[in-house]
Amino acid sequence: MSCSRRDFLKNTFKTTLASALPLSAFKMLSPAEVKAYTGDSSIRWVFLVDTQKCVGCGLCVKACKNENEIPYDPPITRTWVERYVLMKNGQVHIDSPFGGRDGYTDTKINENDIPSNQIAKGFFVPKLCNQCKKPACVQVCPVGATYQTQDGVVLVDRKWCIGCGYCIMACPYGMRFFHPVYKVAEKCTFCYHRITKGMKTACVQACPFGARQIGNLKDPNDPVTKVIMNQRVSVLKDEYGTKPQVYYIGLDTNVR
Amino acid sequence: MKNHVLRPLWVVLAGIALLLIVRYFIVPKDFGVEKGGNFTYNFHRLSSNDDWMNFKVKYRGREYCLECHEENVESILDSPHELIECENCHGPAIDHPDNPEALTIDTSRALCLRCHASLPYPTSQRSELPGIDPHNHNPGENCVDCHNPHNPDLENM
């Protein structure tokens with residue numbers, strides 16, 4: 001094979017030019033430009049539940065059902081309140097009739113009489129969607145009907161959901177359920193229609209005792225952020241690795 | 001290549017083409033990820049965000065009630081019931097006074113008992129609330145027959 005000096009130079013020049021072209025695709029970006037490009041939202045909605053303050057009135061559950069048009073009588077709900085009564089002999093009584101929708105007005109638990117002098121601890125734990133940072137329910141959706149918004153809320157697209165129920169099985173918190181009217185998977189939206197208008201969620205507004213609070217984790221001056229950053233808080237089922245974003249004050253090992 | 005290889009190959013290719021065509025028409029145009037989103041968690045119909053944002057607000061909050069019912073809001077704010085939102089008892093405002101014209105006020109005993117049925121739980125704030133035993137304290141009566149929820153102070157009864 002022969003190669004003239006002219007051909008050699010020509011080919012070398014061409015190759016250099018061709019290989020240099022893709023390099024021009026790389027561009028130096030300032031950190032601000034990178035941030036704008038990655039669409040890093042300035043909002044991350046988080047929830048703070050103070051179980052010390054909850055009295056089990058269930059007004060949050062009632063408000064949630066009315067606000068979000070969840071059928072009132074079937075035993076389905078986006079948020080619920082659990083009652084824990086720990087006896088001195090180590091026995092634990094837990095109940096949540098209708099998710100605590102009508103409040104707790106009776107000392108009986110699951111039709112059992114509870115002698116009040118034997119109670120060691122008794123408290124209420126409100127629960128709602130944890131709006132996980134790594135939501136298992138989103139990963140399993142086969143059609144892309146459930147997703148996480150840029151501000152951290154997990155939503156279900158009612159027009160696109162096929163009702164397969166994978167997400168209901170995947171959620172470690174048993175948060176999701178099937179909506180009997182729309183026939184799609186249903187979940188707490190942190191009242192997305194309210195928080196995006198600057199309002200509190202229906203449950204936060206309805207709670208007379210401030211047991212429920214919503215805040216923006218990316219705002220260091222938000223009172224909720226200050227509590228989460230500076231006080232002792234915990235989350236439910238941390239071991240599942242879903243990075244739940246509902247923080248609790250005053251949890252007990254019996255709460256799962 | 002021989003025909004018995006080519007023929008099924010064409011069938012497969014036609015199948016793939018058909019799938020792509022059908023997909024093109026069925027999948028909404030705005031399906032994708034937001035700028036900076038990732039395909040693991042953000043892949044969705046983008047206008048679904050707006051669907052949720054446009055959901056109807058029903059509980060309008062105390063400030064909304066205050067626009068017309070200043071006197072009533074002030075009376076509750078002066079009472080031990082100041083923590084309780086109007087709509088917890090008066091029902092969601094929605095578009096009141098247009099829709100509904102009049103709200104249905106819940107004056108039931110069950111509503112009061114949500115907080116005032118005494119439960120002896122030492123570690124809960126519930127036991128610190130003024131409470132009654134619903135089986136012994138005038139069973140069957142409506143609390144509002146004796147107590148004024150806007151001024152529940154027992155001395156002013």
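In which loop of chain B is B:Pro100 found? B:Pro100 is found in the loop between α5 and α6 of chain B. The model is predicted. In this model, 40 residues of chain B are in contact with 48 residues of chain A, and the largest nonpolar core has 65 residues.

**Cis peptide bonds in chain B**

- The peptide bond that joins B:Asn99 and B:Pro100 is cis, with omega about 0 degrees.
- A cis peptide bond also runs from B:His96 to B:Pro97, where omega is near 10 degrees.
- B:Pro97 is found in the loop between α5 (86-90) and α6 of chain B.

**Contact between the chains**

- The contact between the chains involves 40 residues of chain B and 48 residues of chain A.
- On the side of chain B that touches chain A, β2 (44-45), α2 (48-53) and α6 (109-116) of chain B each supply at least two residues.
- By class, this side of chain B comprises 20 nonpolar, 13 polar and 7 charged residues.

**Nonpolar core**

- Within the largest nonpolar core, the residues with the most contacts are A:Phe47, A:Cys60, A:Ala63, A:Phe190 and A:Cys203.
- When its neighbours within four places in sequence are left aside, A:Ala63 is in contact with A:Ala202, A:Cys203, A:Ala206 and B:Tyr59.
- In soluble globular proteins, nonpolar side chains tend to be buried together.

**Antiparallel sheet of chain A**

- An open sheet of 3 strands in chain A has the order β3-β2-β4, with antiparallel pairing.
- Its edge strands are β3 (92-95) and β4 (119-127) of chain A, each of which pairs on one side only.
- From one strand to the next, the twist averages 15 degrees.
- Strand β2 (residues 80-87) of chain A pairs with β4(A) in the antiparallel sense over 8 bridges.
- A:Glu82 has A:Val125 as its bridge partner in β4(A).

**Positive phi values in chain A**

- A:Lys183, a residue other than glycine, has a positive phi near 60 degrees.
- A:Lys183 lies in the loop between β7 (177-178) and β8 (185-186) of chain A.
- A:Lys183 counts as exposed because it has 12 C-beta neighbours inside 10 Å, and a residue is exposed if that number is 12 or fewer.
- A:Cys191, also a residue other than glycine, has a positive phi near 45 degrees.
- A:Cys191 lies in the loop between β8 and α6 (192-195) of chain A.
- A:Cys191 counts as buried because it has 27 C-beta neighbours inside 10 Å, and burial requires 20 or more.

Terms used: Residues numbered from 1 in each chain as written. Chains lettered and ligands numbered in written order. Predicted model: local features only at pLDDT ≥ 70, side-chain atom pairs only at ≥ 80, totals over all residues. Core = buried A, V, L, I, M, F, W, Y, C linked by C-beta atoms within 7 Å. Contact = placed C-beta atoms within 7 Å. Pairing = 2+ DSSP bridges. Helix = DSSP H or I, 4+ residues; strand = E, 2+ residues; numbered from the N terminus. Axes fitted to C-alpha atoms, helices over the stretch in contact; angles between N-to-C directions. Nonpolar A, V, L, I, M, F, W, Y, C, P; charged D, E, K, R; others polar.
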